[in-house]
Amino acid sequence: NGYRIGFSVFALSQRVGSASLLRSVGRPVLVDLVAMTRGTAHLAVLEGTGTYYLEKLGGTRSVHALSKVGGRLPLTCTASGKLLLAMSSHHEDLLDLVMAERMQRLTTHSTLDHATLRRELDTIREHELSTEHEEALLGFKSFAVPIYDSGQTVIAALSLTVPVSHSGDDALVRTLRLASAGITRQHTKLAMGTERRVPTLTLYR
């Protein structure tokens, strides 16, 4: 059917364009985040039942080996993945799909219990913040916050990964929220055609 093929191509082009815009807006913010925190910054989106990484900067060799731009990781093992799962507009249906598949573990700390996962997702929705502690990689912890479209739909997750020995997590989360708000604001302006260039985004300590 020519209509269906044409619509599929259009939908794909829209997704590619949105991802490209997110990367353009997000990259300078990730640069600032890495400089300020010395952590590994990720920009990720939902793809099926996985976490798809649009951009990544910084990090140790171990973190580099785990995640990569264009790569995928399980939704339930990463801070970004759990945030995208919890805040999806179809989170119940998506959660059913995830649970119907065999839930994966990246470490012995990865959650496999369905009831525990549901409680954690409820908490993430309440606080708009996702965390993981050695669930993706031993020796590291991560924090993720949402990036929105022009409304209240979450379109991506911004995360930071740091060693478990890192102190000052509250300040790190505040910085992460400032960064995600900046990306949301500039992405909305560009997507709506009210701004033609990507400005330099400055974060404040």
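# Notebook: sheet, helices and loops of a predicted model

**Entry 1. The sheet.** I looked up the strand order first: six strands make an open sheet that runs β3-β2-β1-β6-β5-β4, with antiparallel pairing. I took strands to be DSSP runs of E of at least two residues and helices to be runs of H or I of at least four, numbered from the N terminus. I counted two strands as paired if DSSP finds at least two bridges between them. The edges are held by β3 (72-74) and β4 (130-133); each has a single partner strand, so one side of each lacks a neighbour in the sheet. From one strand to the next, the twist averages 30 degrees.

**Entry 2. Basis of the values.** I note that this is a predicted model, in which local features need pLDDT of at least 70 and side-chain atom pairs count only at pLDDT 80 or more, while totals for chains, interfaces and linings use all residues. Residues are numbered from 1 along each chain as its sequence is written, and side-chain values use heavy atoms, with hydrogens and water left out.

**Entry 3. The chain as a whole.** I found six helices and six strands in the chain. Along the sequence they follow the pattern α-β-β-α-β-α-α-α-β-β-β-α. Of the 205 residues, 44% count as buried; buried means under 20% relative accessible area, exposed means over 50%, and partly exposed lies in between (1.4 Å probe, protein chains only). I then checked contacts, defined as heavy atoms within 4.5 Å. Among contacts between residues at least 6 apart in sequence, 56% join residues at least 24 apart.

**Entry 4. Strand β1 and its partners.** I examined β1 (residues 40-47), which is mostly covered, with six of its eight residues buried. Strand β1 pairs in the antiparallel sense with β6 (residues 154-163) over five bridges, and Leu-43 stands opposite Leu-158 in β6. With β2 (residues 50-57), β1 has an antiparallel pairing over seven bridges; here Tyr-53 of β2 is the bridge partner of Ala-44. The hairpin of β1 and β2 has two residues between the strands, and Gly-48 in this hairpin takes a positive phi near 65 degrees.

Entry 5. I followed β4 to β5 (residues 140-148), with which it pairs in the antiparallel sense over four bridges. Ser-130 is placed opposite Ala-144 in β5. I also noted two residues with positive phi in loops. Most residues other than glycine have a negative phi. Glu-128, in the loop between α5 and β4, has a positive phi near 55 degrees. At 31% relative accessibility, Glu-128 counts as partly exposed. Glu-134 lies in the loop between β4 and β5 and has a positive phi of about 60 degrees, although it is not a glycine. Its relative accessibility of 17% makes Glu-134 buried.

**Entry 6. Helices α3 and α5.** I looked up how α3 (residues 79-86) and α5 (residues 114-127) cross: their axes come within 9 Å and cross at roughly 80 degrees. Axes are lines fitted to C-alpha atoms, for helices over the stretch in contact, and angles run from 0 to 180 degrees between N-to-C directions. The two helices are therefore roughly perpendicular to each other, a term for angles of 65 to 115 degrees. Lys-82, Leu-83, Leu-85 and Ala-86 of α3 meet Glu-120, Leu-121, Ile-124 and Arg-125 of α5 in this contact.

Entry 7. I found Arg-118 in helix α5, partly exposed at a relative accessible area of 32%. Not counting residues up to four places away in sequence, Arg-118 touches Glu-92, Leu-95, Asp-96 and Met-99. Arg-118 and Leu-95 are 23 residues apart in sequence and 8.6 Å apart in space, C-alpha to C-alpha. Thr-111 belongs to the loop between α4 (91-100) and α5 and counts as buried at 12% relative accessibility. Leaving aside neighbours within four places in sequence, Thr-111 is in contact with Met-103, Thr-116, Leu-117, Glu-120 and Glu-135.

**Entry 8. Helix α6.** I compared the span of α6 (residues 169-191) with expectation: at 1.5 Å a residue, its 23 residues should span 33 Å, and the end C-alpha atoms are 32 Å apart, which agrees. The expected span is 1.5 Å times one less than the number of residues. Just after α6, Gly-193 takes a positive phi of about 75 degrees.

Technical notes
Parallel < 35°, antiparallel > 145°, perpendicular 65-115°, else oblique.
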